[in-house]
Amino acid sequence: MQVIQGDVLKCDLPYFDICVANIPYQISSPLTFKLLSHRPIFRCAVIMFQREFAMRLVAQPGDTLYCRLSVNVQLLSRVSHLLKVGRNNFRPPPKVDSSVVRIEPRKPLPPVSFKEWDGLVRICFNRKNKTLGSLFKQKRVLELLEKNYKTMQSLQLAQESEMGEEKMSPDDVAVLANMVEDLSMEMSDEKEDDDMEMDDADVADGRASFREKIMGILQQGDFAEKRSSKLSQVDFLYLLSLFNKAGIHFS
Ligand SMILES: C[S@@+](CC[C@H](N)C(=O)[O-])C[C@H]1O[C@@H](n2cnc3c(N)ncnc32)[C@H](O)[C@@H]1O
């Protein structure tokens with residue numbers, strides 16, 4: 001047996017196929033993505049998390065806790081809730097309840113660029129209860145997408161990705177590994193609603209036609225009136241494919 005002493009977030013992990021861990025809860029999110037970015041990919045991890053984090057990992061469309069963490073982890077793995085561990089199982093009892101969760105990476109991983117996927121999901125879950133039509137009318141979202149669109153056009157890369165070549169690349173794995181921001185307790189819908197929607201007054205900016213292009217893509221997939229809180233993995237994958245086919249990119 002090899003014992004490695006150090007910060008698990010900073011050290012290079014050796015090959016492993018099973019991970020069983022009782023972790024400090026403040027590293028739940030970065031550790032989960034570090035494990036999911038490790039190659040070769042492991043077979044199964046059984047980890048105890050704070051109850052609310054665990055419920056976010058396994059949350060399904062329509063559940064209150066369904067969030068960006070749920071869709072990102074479930075894109076890469078199957079997660080199942082194994083067992084509740086109440087605070088009174090410990091002496092002295094901690095302030096929070098816990099749950100043991102099983103994480104089994106999907107094999108093969110879905111043929112999608114994680115950077116693209118997370119870029120889309122980030123926008124969609126910025127306000128998960130707003131309609132996608134409204135989210136994609138935001139000035140800063142349209143500006144970002146138009147900038148990406150023009151960059152792709154000038155690099156002539158759009159054509160390449162329209163041919164369905166997107167897949168998980170080493171770059172994506174690096175993005176995953178660096179996902180150290182804490183996705184665990186994001187409560188985006190509680191933020192102040194200060195987003196500016198781009199309306200007809202912006203026609204003068206020449207941005208109206210790009211806005212119409214985006215709205216057309218949402219309508220094509222019947223997404224304009226839908227809300228992220230109710231969309232499944234398959235819905236998000238379909239939406240991403242519609243955007244990418246139209247040359248719209250998120251990274
Ligand atoms: C919840 S305790 C579990 C202890 C023991 N494994 C058990 O099951 O009884 C978490 C342990 O992780 C250690 N720890 C905290 N941050 C860490 C990190 N970044 N890397 C490695 N270990 C860490 C803590 O010192 C603590 O001993």
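Of the 58 residues in the largest nonpolar core, which touch the most other members? Phe-136 and Phe-243 do. The legends below describe close-up views of a predicted model.

**View 1**
The core holds 58 residues, and Phe-136 and Phe-243 touch the most other members. Helix α4, which spans residues 114–124, gives the most to this core, with six residues. Domain 1 (18–105) and domain 2 (114–186 + 196–245) both give residues to the core, so the core lies between them.

**View 1. Overall fold of the protein chain.**
The protein chain has ten helices and four strands. Read from the N terminus, its elements follow the order β-α-β-α-α-β-β-α-α-α-α-α-α-α. The chain has 251 residues, of which 47% count as buried.

**View 3**
Gly-6, Asp-7, Val-8, Asn-22, Ile-23 and Pro-24 surround the ligand. By class, this shell divides into three nonpolar residues, two polar residues and one charged residue. Asn-22 places a polar side-chain atom 2.9 Å from an oxygen atom of the ligand. The ligand taken alone exposes 600 Å², and the protein buries 41% of that area.

**View 2. Helix α1 and its cover.**
Helix α1 comprises residues 28–37 and is mostly covered, with ten of its ten residues buried. Which residues of α1 are buried? They are Ser-28, Ser-29, Pro-30, Leu-31, Thr-32, Phe-33, Lys-34, Leu-35, Leu-36 and Ser-37.

Ser-99 is located in strand β4, residues 98–105. Is Ser-99 buried or exposed? Its relative accessible area is 0%, and a residue counts as buried under 20%, so Ser-99 is buried. The side chain of Ser-99 makes a polar contact of 2.8 Å with the side chain of Arg-51. A polar contact of 2.7 Å joins the Ser-99 side chain to that of His-81.

Gln-233 belongs to helix α10, which covers residues 233–245. Gln-233 has a relative accessibility of 16% and therefore counts as buried, the limit being under 20%. A polar atom of the Gln-233 side chain lies 3.5 Å from the backbone nitrogen of Leu-75.

**View 3. Two cis peptide bonds in loops.**
The peptide bond joining Arg-39 and Pro-40 is cis, with omega at about -5 degrees. Pro-40 is found in the loop between α1 and β2, the latter spanning 44–50. A cis bond also runs from Lys-107 to Pro-108, with omega near -5 degrees. Pro-108 lies in the loop between β4 and α4.

Asp-222 lies in the loop between α9 (208–220) and α10. Although not a glycine, Asp-222 has a positive phi of about 60 degrees. With a relative accessible area of 54%, Asp-222 is exposed, because the limit for that class is over 50%. Arg-227 is placed in the loop between α9 and α10. At 37% relative accessibility, Arg-227 counts as partly exposed. How far apart are the C-alpha atoms of Arg-227 and Ala-45? They are separated by 31 Å, with the two residues 182 residues apart along the chain.

**View 4. Leu-57 in helix α2.**
Leu-57 sits in helix α2, residues 51–58. The relative accessible area of Leu-57 is 0%, so this residue is buried. Leu-57 and Phe-114 are 57 residues apart in sequence, and their C-alpha atoms are 17 Å apart in space.

Conventions: Residues numbered from 1 in each chain as written. Predicted model: local features only at pLDDT ≥ 70, side-chain atom pairs only at ≥ 80, totals over all residues. Heavy atoms only, no water. Near = heavy atom within 4 Å. Polar contact = N/O pair within 3.5 Å; in protein donor to acceptor, adjacent residues only side chain to side chain. Areas by Shrake-Rupley, 256 points an atom, 1.4 Å probe, with all protein chains shown as cover. Nonpolar A, V, L, I, M, F, W, Y, C, P; charged D, E, K, R; others polar. Buried < 20%, exposed > 50% of the residue type's maximum accessible area, 1.4 Å probe, protein only. Core = buried A, V, L, I, M, F, W, Y, C linked by side-chain atoms within 4.5 Å. Domains from an automatic or database assignment.
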